[in-house]
Every structure is written in C-alpha cells, then in structure tokens.
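Reader: I would like a close look at one part of this model, followed by an account of how the parts around it are arranged. Here is the entry I have in mind.

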Amino acid sequence: MEKQWWHSAVVYQIYPRSFCDSSGDGNGDLRGINSKLPYLEKLGIDLIWLSPVYLSPMKDNGYDIADYQAIDPRFGSMADMQTLIHTAKQHNIGIMMDLVLNHTSDQHQWFQQAKQSRDNPYRDYYIWRDQPNQIRSIFSGPAWQFDNTTKQYYFHLFADAQPDLNWENPKVATEIQQMISWWVEQGVAGFRLDVIDLIGKQIDQGITENGPRLHPLLQQMHQACFANKPLVTVGETWGATPEIAKLYSNPQRQELSMVFQFEHASIDWHPIHGKWQVQPFDLIELKAVMSKWQTCFDGDGWNALFWNNHDLPRIVSRWGNDGQYRERSAKLLATLLHGMQGTPYIYQGEEIAMTNVRFEDLDDYDDIEIKNSYQEKVLEQQSLSHQQFMQGVYTSARDNARTPMQWDNSVNAGFTHGKPWLALNPNYSDINVANALDRADSVFYHYQQLIALRKSAEYSDTLIYGDFALLLAEHPQVFAYVRQHQQQRLLVMANVSEQEQQVGLNLSVEKVVLNNLQQNDELVSDLEALRLAPYQAIVYALSTS
Ligand code: NOJ
C-alpha cells in the first residue's frame, strides 16, 4: 500500500459552539480554540476536524450553512479563521473543515433567490416538485415542505430549514467546487464531507443514499479540488458496507481519502425506535463488526476509527462504565480503538472521559433532532411514552456530546464567563482538563501515550499497517486481537466487564507495552495465568519465536 501522511495522523474533533468561549457570549469561538492549541499539541494530535463555523442561523448548530465563505459572528471573523489556520500550523496541527454539501440553510442566498419564483435562475439549485412523494426526513416528518409563494414543494432530508441542493444541476457542482478550492487556498489541510452519501440521490425513484450519481460526482470533485494536493478528505457515509467503502476510498478511484462509517456505532439501536430505545450491548457483535472492518481492505480502502462524535453519546457512558470504573474503562476503550488500523478520531472531552448528561426537563435540551423526534414519537404517534423517550435521551441523544467542554472546576468549567448556550454537565467539578493534566495516571495521559505509540519508531508500522486477527471471537467479555507486521506482533487484550476474567492464551510475551493499571510487568506477563481485572486493557509485544 502506498503510504499517505494521513494514515498515521490522529484527528481531534472540535464542536466549536461547545469548546471554548473567549468573548463571553456563551458560545465557543475561534479565538477560544486558538487559545487551546498548546493543549492539543500536548495531546499529540495532527488534525482538527472543525465542525461548521460558517454563517448560520444555527437551526442545526451550523450544519445549516447560510454562506460557505463567511464565518458566523458567534465564532469570530474570517481574520480569526485565518489566524487559527496559521497558528495551528505552528503547533503542527492542520485544520479540516466540515463541508455540508447535501443541503444549505434556507437563509442561504441561493435558496432565498430560488423561492422567489419558478423561473428564478437559482430555482434549480434546489429540488422542487408539484407533488411530494413518500420520502421521510431524517429529522422526522415528510421530507417535503410546501412553499406558498411558488406553490411547489421543496425537498429536505433534514429539517425544513435545510433544503437539499440539487446535484443534478451542474451549476451546483461548479459553485461548490469553486468554494472548496477557495478554502484550499486558505491553507486548510482537508475536509470532512457531511452525509456525502446523499448527494447522488434520485428522489423520484425513492433513492436517497448511495445513488447512481454519487461516485461520478465525487470523482469530478476530486479532479477539480483535491487532485495532486496533500489534502485529506473524509466522507461521512452512514450506510457504507466494505464494498461501498472501497468505492469511496480506493486510491485508484480518486474520490476520498477515507470513510467514516457507523456500522459499529448503531449495533444496539432498536429496529423501529432506533437510538431512542437501545438494546443490550453485545460485545461479541461489536467484535465481529470491528473485525470485519479491520480485515476488509487490502490497500484498496481506508477507514476512520471512532467511538464518539457530535452525533453520538459519550462512549464511556455507552459501552464503558461511567461510575466506579470511569477512568479505567475510558482508557480501555481508547486502547482498543487506537490499537486498530485506520485513522483515529478523538471527540472533544473524550480524552478526559466526559460522560453523558441527564437534564430533568426536555426544555433544557437544544437539539432539533430531540425536539422533532419527541413531537413525532411521543406526541403524534404515541409509540413511546414520555419516560421511555427521556430514557432514550439519556442514553443516546446528541446533546450528550454537546455539553460544553470541561476545562476546570471554576464557574461553568472555564468554558465561558457568560451564560452557556447549553447547560454544562454538573460533574465538571471532578471531571475537567485541569484535574486530568495534574495526574500522571489520568485518561488524558493515556491518550497521549497511545498517540505517541502510533508515532513511535518501534511500533508505528505495526499499529498503522499491521494485519489484524481477532482472538476469542466468541468470548462475551474479552476483546483481544493481534496486529502483525513482518516479524513484530502486538497483542491487545481488554476485559470489557466488571468481573475479573481469565482466558489463558498460549502466547509468549516479550514485553508489556501499555497497561491501564499500575502494575509490575511480571505480574501480567504470563498469558496462560493472566487474570484481567475489571476493565483492564493491556498491549503486549509478543515474542517472535
Ligand atoms: C450529519 C451531521 O453530523 C449532523 O450533526 C447533522 O445534523 C446532519 N448531518 C445534517 O447536516
């Protein structure tokens, strides 16, 4: 496989509204991010995935863009953005912009024009029909909104304030490509492409995901914007299978660098109620899914590794233990992920094991997805009770990941001097960055070590390019795998449970590389006899003979 710089990169996702507020208006901003670059450099990351900071009415927190080439005043100015790009480079960090290309805000001037009349030059930038079809919005309800002025329906796969762009219109592709190239000139390191699997849709045939026009459009975009440039491009691709992932990320095909797919992230969702009613977590299933994605590429594709992002609940609350074993289980989850092949992503706060939040009142939440789903499932269909829905919110809602970053134990966790746009998780007095930086055995330093291992002369080839083999596939509590590159073999062993586990592996250890418990290496070096403590995770180098 031809090596690429982003194979060995580690990405940190920032959700700007919740990261750090320098102005005191209660919203995080670009200067706030700038002030935290030394912290991110210390962690060791290479890239920031910056969730949208463009001009936006914030119906979906910036995923509704009103101008792709302007910064929302909440976040600062274009000069602040340029400073961030420039200063981040001095800290060896590149900025990956978030491109939302499936839809714009209804406040975008293209849409403002388009809805003026049926013969407006921008009319065909969006999708209009005299009659709606059966397609539903991902944010509940029909995917069609009637426009009273022009007496037609427009199509929106997300909120009605997020009309879908019409990628059948070549002018849309041209405008978007010019905009992307402009950002490339600003010195960004790459792009994350929001729900990119939706742009090739054929709505009259009921096709939204993975439509026939998708890959030709991406090849065209690559040619126009990315070719022969050292950029990284990441496609958010919910429904990708390994075969589909290769279409996007096989280097020969010149589309994207990697996919960001969610098969593992939705394994416990209910067949009807989805995330609002999760089913018991099954480690055997998780291992099977992860292992499939670890072994499906042979230089013909590349995957992102993640547990968290701004759309998912906090992993330590989800598949770890956010009580007694919070720190230990967070380290275990980090170890499992960073030992795999792919480009790892850390979502803000994950490196200090921030947890889900439980607000009493639905009104304390902000997310449009929560509000729309409540309207549909509880008020209209009555398919979930209020209590059942709140339980779903506590386990799965996106706002679990969006409460402000917990920097220290001062008022509002040092996030803002003003009134935060979304309340903080009250546990910030214990769980915060200052506290983590003060303790050598904190989750922060564990992430730092994992990143350093991936970059170490000794182990980087194995961690980045080594083959993957799952061990103990049917064990319900232990996740174990071996990575092998040439003569080197690394074993990752993790006990994903509150009970001690003994599995007895007939493998011989050369060295303990990393252990999430402070223990004498000799105590854990006999794999036949090893007793893994609750949520213990160890990385070993195995003997070559
Ligand atoms: C995916 C984004 O990650 C999510 O936050 C957003 O709501 C939708 N796309 C719509 O842009």
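Which residue in β8 is the bridge partner of W128?

Author: The model is a predicted one, and the residue you ask about is Y154, which is the bridge partner of W128 in β8. That pair belongs to a set of 2 bridges joining β6 to strand β8, residues 152–155, and the two strands run antiparallel. Around them is an open sheet formed by 3 strands in the order β6-β8-β7, with antiparallel pairing. Its edge strands are β6, residues 128–129, and β7, residues 144–147, each of which pairs on one side only.

Another antiparallel pairing is found between β18 and strand β20, residues 537–542, which are joined by 5 bridges; within it, V512 has Y540 as its bridge partner in β20. Strand β18, residues 509–515, is largely enclosed by the rest of the structure, because 5 of its 7 residues are buried.

Turning to strand β16, which spans residues 488–495, we find N495 within it. N495 is buried, with a relative accessible area of 0%. Its side chain makes a polar contact with the side chain of S497 at 2.7 Å, and the side chain of N495 also reaches the backbone oxygen of L532 at 3.3 Å. When residues up to four places away in sequence are not counted, N495 touches L332, Q477, E500, Q501, L532, A533, P534, Y535 and Q536.

The nonpolar cores come next. In soluble globular proteins, nonpolar side chains tend to be buried together. Here the largest nonpolar core holds 159 residues, and L50, M81, L101 and I180 are the ones that touch the most other members. For M81, leaving aside neighbours within four places in sequence, the contacts are L30, L50, V53, I71, I95, M97 and W183.

Among the helices, α7, residues 242–249, is mostly covered, since 6 of its 8 residues are buried. Those buried residues are P242, I244, A245, K246, Y248 and S249, and what covers them includes α6 (214–226), β11 (258–260) and α8 (283–295).

The largest pocket holds about 890 Å³, and of the 35 residues that line it, S137, I138, F139, W269 and E369 lie nearest its centre. Helix α11, residues 368–380, supplies the largest share of that lining, with 4 residues. The largest cavity is lined by W307, N308, R314, I315, V316, A330, L333, A334, E350, A353, M354 and Y447. The elements giving two or more residues to this lining are α9 (315–318) and α10 (326–338), and the largest share, 3 residues, comes from α10.

Terms used. Residues numbered from 1 in each chain as written. Predicted model: local features only at pLDDT ≥ 70, side-chain atom pairs only at ≥ 80, totals over all residues. Heavy atoms only, no water. Buried < 20%, exposed > 50% of the residue type's maximum accessible area, 1.4 Å probe, protein only. Polar contact = N/O pair within 3.5 Å; in protein donor to acceptor, adjacent residues only side chain to side chain. Contact = heavy atoms within 4.5 Å. Core = buried A, V, L, I, M, F, W, Y, C linked by side-chain atoms within 4.5 Å. Pairing = 2+ DSSP bridges. 1 Å grid on protein atoms, 1.4 Å probe; cavity = no way out; pocket = protein on both sides within 12 Å on 5 of 7 lines; lining within 4 Å. Points joined across faces, edges and corners; volume = space filled by probe spheres on them.
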